[in-house]
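Here is a short briefing on one protein model. Look at the sequence and the structure first, then read the points below.

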Amino acid sequence: MKNSKYMKRILILLTGLIFWGCQKDELKETPLSNLSAEQILTSPNGFRMYLTGLYAASREEMSMGDNTYFALNFAYTDIGADAGVEYIGLRNYQTTYTPTNANLNTLWNWAYTAMIVRANTLLHYGEAHSDIWTSEKEKNQIMAEARFFRAYTYNLLVNSFGGVPIVDDITNTP
């Protein structure tokens, strides 16, 4: 008898907690581990931090996959020679430069998702927030570095693929 009394009270208490314990405002969270460009690109320091991310992405060119850089820039070309049997297939451009080549897909994805989008974001917000700069020289330096990385990436793409889509703005939709 005593146990059923306690069980009823516990059940009523749990039901109350479920229905009235949380208000909608209490469930809203502000993510602290993921910042958007709108949050970062509001000061010259924010632009420098974002530019550091662009520099980091540019270094991925050398390490984006096990042998991607070597395969695309040396083994596929007449610049270098391969030393291993595993690279013999790379000597034939007709069978190597195909849409199914994993190295080319890695290069394409790196260019459009790591380099060009970051450079375009810097350029877009740099022009949109022209009032935050302490001097025109400071703004021009950041913008010039972003333009350099975008041009460098397009040069690499054109040398690898020929004509490629030129994306010079930022998009928020797929």
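**Overall fold**

Along the sequence, the chain runs in the pattern α-α-α-α-α-α-α-α. The chain has 8 helices and 0 strands. Helices (H or I, at least four residues) and strands (E, at least two) are DSSP runs, numbered from the N terminus. This is a predicted model, in which local features need pLDDT of at least 70, side-chain atom pairs count only at pLDDT 80 or more, and totals for chains, interfaces and linings use all residues. Residues are numbered from 1 along each chain as its sequence is written, and side-chain values use heavy atoms, with hydrogens and water left out.

**The chain as a whole**

- Of the 174 residues in the chain, 33% are buried. Buried means under 20% relative accessible area, exposed means over 50%, and partly exposed lies in between (1.4 Å probe, protein chains only).
- The accessible surface of the chain is about 12,200 Å². Carbon and sulfur atoms hold 58% of that surface. Accessible areas come from the Shrake-Rupley method with a 1.4 Å probe, and for residues only the protein chains shown count as cover.
- Take the contacts in the chain with a separation of 6 or more: 65% of them join residues 24 or more positions apart. Contact means heavy atoms within 4.5 Å.

- Helix α7 covers residues 102-128, which is 27 residues. From its first C-alpha to its last, α7 reaches 37 Å, close to the expected 39 Å at 1.5 Å a residue. The expected span is 1.5 Å times one less than the number of residues.
- Helix α7 has a kink of about 35°, centred on Ile 116. The bend at a residue is the angle between axes fitted to the seven residues ending there and the seven starting there.
- Helix α8 has 26 residues and should span 38 Å at 1.5 Å a residue. The end C-alpha atoms of α8 are 37 Å apart, which agrees.

**Salt bridges**

- How many salt bridges does the structure hold? There are 2. A salt bridge is a side-chain nitrogen of Lys or Arg within 4 Å of a carboxyl oxygen of Asp or Glu.
- Glu 138 and Arg 48 meet through their side chains in a salt bridge (2.6 Å, N to O). Glu 138 is in helix α8 and Arg 48 is in helix α4 (residues 44-59), so this pair ties together parts 90 residues apart in sequence.
- Glu 138 counts as buried because its relative accessibility is 14%. Arg 48 counts as partly exposed, at 37%.
- Lys 139 and Glu 127 also meet through their side chains in a salt bridge (3.5 Å, N to O). This pair links distant parts of the chain, with Lys 139 in helix α8 and Glu 127 in helix α7, 12 residues apart.
- Lys 139 is buried, with a relative accessible area of 9%. Glu 127 is partly exposed, at 45%.

**A residue in helix α8**

- Ser 160 lies in helix α8 (residues 136-161). Is Ser 160 buried or exposed? Ser 160 counts as buried because its relative accessibility is 14%.
- Ser 160 is in contact with Tyr 97 and Leu 107, leaving aside its neighbours within four places in sequence.

**A nonpolar patch**

- Tyr 6, Met 7, Ile 10 and Leu 14 make a nonpolar surface patch of about 420 Å². Patches are made of residues with over 30% relative accessible area and no salt bridge: like charges are joined within 9 Å, nonpolar side chains (Val, Leu, Ile, Met, Phe, Trp, Tyr) within 5 Å.
- Leu 14 lies in helix α1 (residues 2-20). Leu 14 counts as partly exposed because its relative accessibility is 46%.
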